[in-house]
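Biologist: Could we go through this model together? Please begin with how it was treated.

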Amino acid sequence: RESDHRAWTPVTYTVTRQNATVQGLTEGKAYFFRIAAENIIGMGPFTETPKELVIRDPITVPDRPEDLEVKAVTKNSVTLTWNPPKYNGGSDITMYVLESRLIGKEKFHRVTKEKMLDRKYTVEGLKEGDTFEYRVSACNIVGQGKPSFCTKPITCKDEIAPPTLDLDFRDKLIVRVGEAFSLTGRYSGKPAPKVTWLRDDIVLKEDDRTKIKTTPTTLCLGILKSVRGDSGKYCVTVENSTGSRKGYCQVNVVDRPSPPVGPVIFDEVHKDHMVVSWKPPLDDGGSEITNYIIEKKDAHRDLWMPVTSATVKTTCKIPKLLEGREYQVRIYAENLYGISDPLISDEMKAKDRFSVPDAPEQPIIKDVTKDSAVVVWNKPYDGGKPITTYIVEKKETMATRWVRVTKDPIFPSTQFKVPDLLEGCEYEFRVSAENEIGVGDPSPPSKPIFARDPIAKPSPPINPEAVDKTKNSVDLSWHPPRHDGNGKIIGYLVEYQKVGDEDWKKANLTADSCPETKFKVTGLTEGLTYKFRVKAVNAAGESEPAYVPDPVEVKDRLEPPELILDANMAREQHVKAGDTLRLSAVIKGVPFPKVSWKKEDHEVSPKADIEVTGVGSKLEIRNTVHEDGGVYSLTVENPAGSKTVSVKVVVLDKPGPPRNLQISEVRSDSCYLTWKEPEDDGGSVITNYVVERKDVASAQWLPISSSSKKRSHMAKYLIEGTQYLFRVAAENQFGRGPYVETIKPIKAIDPLHPPGPPKNLHHVDVDKTEVSLVWNRPDRDGGAEITGYLVEYQEDGAEEWTKFQTVPMLDCVVTGL
C-alpha cells in the first residue's frame, strides 16, 4: 500500500517462490509491503515491512558520451563536439572530462582542469604536425563514467575543403508585388567561405527592404515588400581559397500591367462605327498581356458600355454608334495578375469623313507596240481611305463604249501594260481609282495613239566582204543588221569609192533594187582599186554604213579547181539496194570549173540526177540496184587546172541464184543435191543456203534445210515412188536471193540394173524342126521384177543371133528350125 493510504492492494496470489517482483509502482512514492503464506487449510498471518520504501532507480556512474566528433582542425587547435550519454546513472551530469593521447604514447592526459559542462571544446596551443586521439567521459554525483570511443588520429594542420552549396530554392521564382520572398541554403568549406549576393551581376547590400543573414553553415537573402524592380537573375557566390560555387534563381516579381500607351488613335471614323488603335503597356507586369478590355461612352453621359474584353490586338472596331454623337473610349490591359489602370481617349464625333478617290490626272501613254501600250498615271487624293485598286479602260477613238483592260486588280503600281490591241487601230485610255468607299471619277482620256511598233533606223549590216571579182566587177556579200529598228528591211544601198577620191558613188539608186544580202558592182575599171560600203534601209531611213575592210583591186581572178569531199565520197561507199545513192563535193575555183561525172570511164546511167551549183555538185541515184555499183569519178576543170576524185560504190543486195543445181544418188528414200555459189553475192558474204522440195502433185514447197553453209545437201525422208522437184536459194545479210529449180522431177526409186544370165540352159526334147528348152532363174534380177526371157538361136558357124521370142516362163519350144 502507498504510505499515505490505508488500503492494501494485492500484488499476486500464485507465488510459490520466496521472492516476487512488484510492478506498476510510481517513481518517487513511498510504499509498505506485506506477505502471507497459504496452504490447503487456509492463509496464515501477514508479515509487514518495518518501514516505508521510496521507489527510485539505483544511482550508478553515467554511460559513455555519444557521437564524439571533430568539427575543425587547424595547425594548432582541434575543435570537438559530443552528445550526452544515453543514461546519466540516475543522477545529473556534473561535468565532462576530455582526454587526449599523443600517438606513440600510452597514456591519456586530461586536456582541461576546469569544470566543463559544455559539449563543445577547442583544444588550443597544439604543435603543428602532432597527431592526437581524443576521448571524453561524463561525471555525476557517484563518479566518472566510462570514456567515449576514441576519435580517429587527428594531425594538427590547416584543413582545406572546397566550398559546397545546397540551395532551398528552384531556378525560377514568381512573386506577387508587395509580398516578401527569401532565398536560403546551406554551405560549407574550409577555410570558411565568403558569401556574396548579386542581382543581374550587381552586388546586393542590406537596406530597409533587403536583409542578408549568413551563419557559418547557412545563408539567406530576404526581400520585404517586393516591387517590380526586384525582378532579375539572383546569384549567390560561396568562395574560399580553394574555389567557388554559384547558385542562380530567376525571380520575376509580377503585377498587373501598366496602362496601355496612348494617345488613342482613331484610324477610321464613320457615322456608325470607329476603328481605334493604341500601343501596348510599357510594363506588362512581368506576365504576357492576355487581353485588352475596351469600353465606350457617350461624352455627355457617365455610363461606360463594354465593347469587348476578348481582343489581344492593339486595334479594335467600336460598333453601334449614333451619327453625330461624341464618344470616348477607354482601354485596360489585363494579364494573369490583374487589370491595369485605363487609357482614356479624347472625344470623337461619329460621322463619315471619307469619300471616293479623286479622278487621276490625264494618263501618259508610252512604249507603244502593234499589240500593247503602257499607261502611266499619278496617284490621286485617296478620299481619306487607302486606294485598293485602279481601273484602266480603253476605247477606239471612233467608238463610244469604254472597256476595262483587265479584270485583275491593279495596285500599287501606277502604270499598266495594256495587251491585246489591234494593230493599226487608234486608242484612248482613262484611269479611275477605287477605295473601300467606292470608285472615283475617271481621269480625262489620254492622247490618242495608234497600235503599231515604233520604227527606228536599222543598225548597220554585218561583216560586208568582197567574195569575187572580174576585170570590171566585184561581188559583195554581207549579213543582215542585228536590229531592224522594228521596221522591215526594204533593201540595201551599195556605194563605192575609187581609192584617192573623196566622193562615194551609188552602185544602186534605190534600196528595193537590192533586197538580198549580196550585190554585183559592175562598170568598174580594170586595174583600179576601190573601197565599198553598204547601208540597210527601212521605213525610218538609212542605217550607218558598214565598210568592206580592205580596198579591192579590180582584175580577173584565176584559182585552180579545188574539191572538198563530203563524207559520202570516201574511198568506198556502201549503199543498200533500193536506197538512194548520194555523192557530193564542194567545188572551188575561179572561174567556176566545168564539172563532169563518169562511171568506169563511161557516161553515168541516165537514171542518175546530177546537180551543179555555184559551190559544188551532187550525183543522186534513187532505188539503186546491184548494177549501179562501180567506180564513180568526179572531174572539175577550169583554165587554171583540173582535179579528179573517185569513189568505189558497192550496192549491197540479195545474192543471185545458185548455179548448176544437180541431183544424184537417187534412192527410194533420199537423193543428193549439189550446186555452185551464185555469180553475184550481192556485195556481202553468203551466210547460208535454203533448200526446199515439193511433190509434183502438191502446190506447196516444204523447207528441208535453211542453215546450210555447204553447197550440197542430202535430201532424206522421201516417199518411194513419189516424184519430186527441188530448189535452192542463197541468203546474205540483205535477204534471200532467187531460187534455182530442178528442170524435171525425179522419182524416188532405187537405181535399176540388167538382170543376171539365166542358169542351167539345156534341151529336154529335139525334133526335126524344133527343140524344147528349159532353164533356171538368174541369181540377180537387177533391182526389178523379171518380166520375161528373150530366146535367141544361131546356126552353127554363123555370126548373127536370131531373136525367136520373149517368153514369161522358164521353158520354150523353138520351132521353124
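This is a predicted model: local features need pLDDT of at least 70, side-chain atom pairs count only at pLDDT 80 or more; totals for chains, interfaces and linings use all residues.

Modeller: Residues are numbered from 1 along each chain as its sequence is written, and side-chain values use heavy atoms, leaving out hydrogens and water.

Biologist: What is the strand order in the open sheet of 3 strands?

Modeller: The order is S5-S6-S9, with antiparallel pairing. Strands are DSSP runs of E with at least two residues, numbered from the N terminus, and two strands pair if DSSP finds at least two bridges between them.

Biologist: Which strands stand at the edges?

Modeller: S5 and S9 (120-123) do; each has a single partner strand, so one side of each lacks a neighbour in the sheet. The twist averages 20° from one strand to the next, with axes as lines fitted to C-alpha atoms and angles running from 0 to 180 degrees between N-to-C directions.

Biologist: How many bridges join S5 and S6?

Modeller: S5 and S6 (residues 78-83) pair over 5 bridges. Glu-66 has Asn-83 in S6 as its bridge partner.

Biologist: Changing topic, where does Ile-59 lie?

Modeller: Ile-59 is in the loop between S4 (53-54) and S5 (66-73). Its relative accessible area is 47%, so Ile-59 counts as partly exposed (between buried, under 20%, and exposed, over 50%; 1.4 Å probe, protein chains only).

Biologist: And which residues has UniProt listed as "domain: Ig-like"?

Modeller: The unreviewed UniProt entry lists 163-252 and 561-646; such annotations may be inferred rather than shown by experiment. Residues 163-252 are 0% helix and 64% strand, while residues 561-646 are 0% helix and 62% strand.

How values were computed
Helices (H or I, at least four residues) and strands (E, at least two) are DSSP runs, numbered from the N terminus.
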